[in-house]
Amino acid sequence: MKRKHLSSSRLWIGILSVIVFSLITGEWVFAQQVKEVRVGALYTLSGALAQSGVRQKNVTEMAVEEINAKGGIKALGGAKLTVVYGDSQGKPDIAVSETERLIQNEKVSVIMDVAPSVCTLAATSVAERLKTPFLATVSFADHITERGYKYTFQQEPKVLEVARQQTIFVDYLNKLLGGKLKKAALLYEDTDYGQTGARGRRTFLKEAGYPIVADVSFPSRTPNYDPILMKLKAGDPDFVLDASYLSDAILIAKTAKKMDFLNIPWIASGTKTEAAYWEVMGNEDPGAFCVSMWGPDISPEANSINERYKAKYGGNLDGVIILTYQGVWVVKEALEKAGSADRDALRNALATIEIKPGPTLFMPYQNIKFNEKGLNTGGGFTFIQIQGGKAVTVFPERFAAKKVDLSMFTKFKK
Amino acid sequence: MFEPSFLIQILISGLTIGAIYALMSAGLTVIYGVMDIIHAAHGEYLMMAMYITFFANSLFGMDPYLSLLLTVPITFGVGVLVFYGLILPVIDEAPAYPMLVTIGISIVLQNLALYLFTADFRMLTLPYFSLKFKFGLLVITLGELIAFAGALAVSLGFYWFLLKTDLGRRIRASSEDREGALLMGINVRRMQAISFGLGTACLGITGPLLTPIYYINPTIGDLFLLRAFVIVVLGGMGNFVGALLGGIIIGVSEVIGTILLPGSLAPIVSFTLFIGFLLFRPEGLFAKK
C-alpha cells in the first residue's frame, strides 16, 4: 500500500497552528487556571465557645472580600477565594468528622483552624493523614507542632512563649511597684490549654525567682468557684497568673471580686483581651491584665482594620480574632507563592514563605516564617489592661496606648 | 487548712449551692416520679427563666426578684403546654420515646435562644447584690444568701404542699399507684400535666434567684443538668425528700472534693459517693415516693 507522505507545507502549518494555539491558551495551560480556591475554615460556631467562633467567621468573610475585591489570587489568574465553613462545636470528635467532611466532600485545598486546642490537635491529625495543609491561627498549645507533622502550621508562638513573656511583664510591673511583687499564684483550667501553660509558667517563674505559693487547677464549667479561690487566697499571693476560657473567667472574676481578691495584679494568658469578656465584665474587673496578640490601639493601620470590622459587623476586633484575619492573608500569600491550589504545592509554599512587616503583616510580630516543625518563629505578644471598661495596650512600650494603672492594687499601698 | 473554722466555711459554701441543686432536682424527680419521664430539657427551663429575668430588668427595669411573678407562671404554663402537646402523644409508648422528645426540645430551645439572643454572655449587676457577709476566707453575697434561702424555702414549701394539700395527695397517689388512683376517680392525666408544670416551675423559681450570681447564656442549663440527674438517682428516683437531701449531699461533697483534690479530680468525691451509694443501695436514699 502506498503511504501518503505528510507534505512539508502541511507539516509547517500543523506546527504553526500548535504554537499559535498554545500562545493563545498558554495562560490556561501553564497557570492551571482555576476559578476559585476552596479554603476550609473550621470554627466553633455553637456551644459554649460560639461567641468567639462567630466573630472568627465574620473576620474571615471580611478578609476574603478584601482579597477578592483586590483581584483575588493573582498567581492563579485572579482566582477567587471561597471559604467553606465547618462547626466543631468545641468538641474534638466533631472537629474530626468536620475536618474529614471539608477535605473529602468539600475538597478544600487548605484548612484554617479551630479552638480549643483539644480540637486543633484532633483536626490536624486528620489533615495530616489526608495530606491537607492546616494553618492553626488561634490555637497554640505546646505539642501542636511537636508531632513531626508535615502539613500542620502554627502561626502563633507556643504557649511556652506566653509564659516567658508573662514573667518578663511581671518583672516590669514589679519595677513599677517598687519590688513588692514576691509571691506568685497559678490558677488554670485543666485541659491542654491550662496545663501546658502552667508547666511553662512554673519554669519561668522559678528562673526569675518568684516562689509559687498556690498552684490551683479546676475543671472547666465548674458552677461554684468559692472553694477554688479560697485555696488560692489561702497562700496570700502578690500576683496571680490565670488561664481560663470565657465562661469560667467571668465567674472567677465575679467570685474574686466579692472576696476582695482583685487588689493584686491578675495576669491572664488569654480571654480577658476579648471584647466578649470586657463588654460584660469591664466594669467588674478593672485593672486586670491579659496577654494579647494585638489591639486596635497598637498602630493606625490596626485601628482602620478595626473600624472596617465594626462598620460591617458591629463590635470590636480583638487579639484572637485578628489572628484569623492574619491567617487568611497568610493563606493568600502562600497561594500566590505556590501559584497552585494543589495541596502539596500549598504545603511547600507555607513551609518556605516569609512575610515581613508590611501590607500583609498585621500582628505585632517580627515576621511570619515557619520552621521545619511548622512553627512560626517570628511571633510576639503585647499586654493589655482593662481601663475604663475596655482593654488598653500597655506593654511593650512601643505598642502601648496608655501607661499601666496601678491604683487598684491596694495590697501594696501603705 | 483543716481547722474547724475552715471546715465550717466549706460547709456553708456547699450548703448554699446544695440548696439550689436541691430545688432543681426536686422538680426533676417529681416529673420522673409521676410520669416515669427523664426530662432532658429540664435545664432549658432554667435558661428560659434567666433570660426572662434579664430582659425584664434591662428593658423594663424590673427587679429580678419581682420577675418571679413572670417566670413562675410562664415556666409552669410552657411546661403544661409541652406536656399536652408533645409528651402526651408518646407517653404510652416505650419509655425511651418521651425522653427522646425532651432531648429534641432541649436542642430546639437552646438553639432558639442562641439564635434570638446570640451566644453573648449577659449579666445582671445591681448594687445591693454585692452586700457581703464574711466567714473567714469565705464571702457570701446578699444575692447568694437570697438564692440559698429562697431555694430552701421553696423546696420545703413544695414538700409541705405534696404532703398536706389535697392536690398534693392526688399527685402522690398518681405517682405511687397509677391504676389505684384512676380507680379512686383521680384524673391522672391532669395530675401528670400539673406535676410536669410544677417541675418546670421549680426552675422558674431558680432562674431569678440565680441571675444575680451567674451569667446568662443559652447553655447555662447544661451546667446544672448532669448534677441534677445524679442527685435524682442518688435520692431515689421519684423521691422528693431524697432529691432535697441528695442536693445537699452533692453540694457539700463537691466542695470537699475541690478543697482536697486538684483540678478535674475534684468531682471524684461526689461521684464516688454516688457510685458507692448505688452499689449498696441501688434504689437510692429512699425508695420511690
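How many of the 19 residues of helix 2 of chain B are buried? I will come to that after the conventions.

This is a predicted model: local features need pLDDT of at least 70, side-chain atom pairs count only at pLDDT 80 or more, and totals for chains, interfaces and linings use all residues. Residues are numbered from 1 along each chain as its sequence is written, while chains are lettered from A and ligands numbered from 1 in the order in which they are written.

Back to the question. In helix 2 of chain B, 14 of the 19 residues are buried, so that the helix is mostly covered. Buried here is defined by 20 or more other C-beta atoms within 10 Å of a residue's own; 12 or fewer is exposed, in between is partly exposed, and C-beta atoms are placed from the backbone. Helices (H or I, at least four residues) and strands (E, at least two) are DSSP runs, numbered from the N terminus. Helix 2 of chain B covers residues 42–60 and reaches 27 Å from its first C-alpha to its last, close to the 27 Å expected at 1.5 Å a residue. The expected span is 1.5 Å times one less than the number of residues. After helix 2 of chain B comes Gly61(B), with a positive phi near 65°.

Now chain B as a whole. Its secondary structure comes to eleven helices and two strands. In order from the N terminus, the elements run α-α-α-α-β-β-α-α-α-α-α-α-α. The radius of gyration of chain B is 19 Å, close to the 19 Å that the globule rule gives for 289 residues, so chain B is as compact as a globular protein of that length. The radius is taken over C-alpha atoms, and the rule is 2.2 Å times the number of residues to the power 0.38. The C-alpha trace of chain B spans about 60 × 50 × 35 Å along its principal axes. Of the 289 residues in chain B, 53% are buried. Among contacts in chain B with a separation of 6 or more, 75% are between residues 24 or more positions apart. A contact means that two C-beta atoms, placed from the backbone, lie within 7 Å.

Two loop residues in chain B have a positive phi without being glycine. Asp36(B) has phi near 55° and sits in the loop between helix 1 (4–35) and helix 2 of chain B. Asp36(B) counts as partly exposed because it has 17 C-beta neighbours inside 10 Å. Thr118(B) has phi near 60° and belongs to the loop between helix 4 (96–117) and strand 1 (132–135) of chain B. Thr118(B) has 14 C-beta neighbours inside 10 Å, so Thr118(B) also counts as partly exposed.

How do helix 10 and helix 11 of chain B pack, and at what angle? Helix 10 (residues 240–260) and helix 11 (residues 267–280) of chain B pack at about 135°, with their axes 6 Å apart. Axes are lines fitted to C-alpha atoms, for helices over the stretch in contact, and angles run from 0 to 180 degrees between N-to-C directions. The two helices are therefore oblique to each other; under 35 degrees is roughly parallel, over 145 roughly antiparallel, 65 to 115 roughly perpendicular, and the rest oblique. Helix 10 of chain B contributes Ile250(B), Ser253(B), Glu254(B), Ile256(B), Gly257(B) and Leu260(B), and helix 11 of chain B contributes Pro267(B), Ile268(B), Val269(B), Ser270(B) and Leu273(B). These residues divide into seven nonpolar, three polar and one charged. Ala, Val, Leu, Ile, Met, Phe, Trp, Tyr, Cys and Pro count as nonpolar, Asp, Glu, Lys and Arg as charged, and the others, Gly among them, as polar.

Next, the interface. Chain A and chain B give 28 residues each to the contact. On the chain A side, the elements giving two or more residues are helix 2 (50–69), strand 7 (212–218), helix 7 (226–234), helix 8 (246–258) and helix 9 (275–281) of chain A. The largest share, seven residues, comes from helix 7 of chain A. By class, the chain A side has 15 nonpolar, six polar and seven charged residues.

Last, chain A itself. Leu335(A) is in helix 11 (residues 319–338) of chain A and counts as buried, with 27 C-beta neighbours inside 10 Å. In helix 11 of chain A, 16 of the 20 residues are buried. Just after helix 11 of chain A, Gly339(A) takes a positive phi of about 65°.
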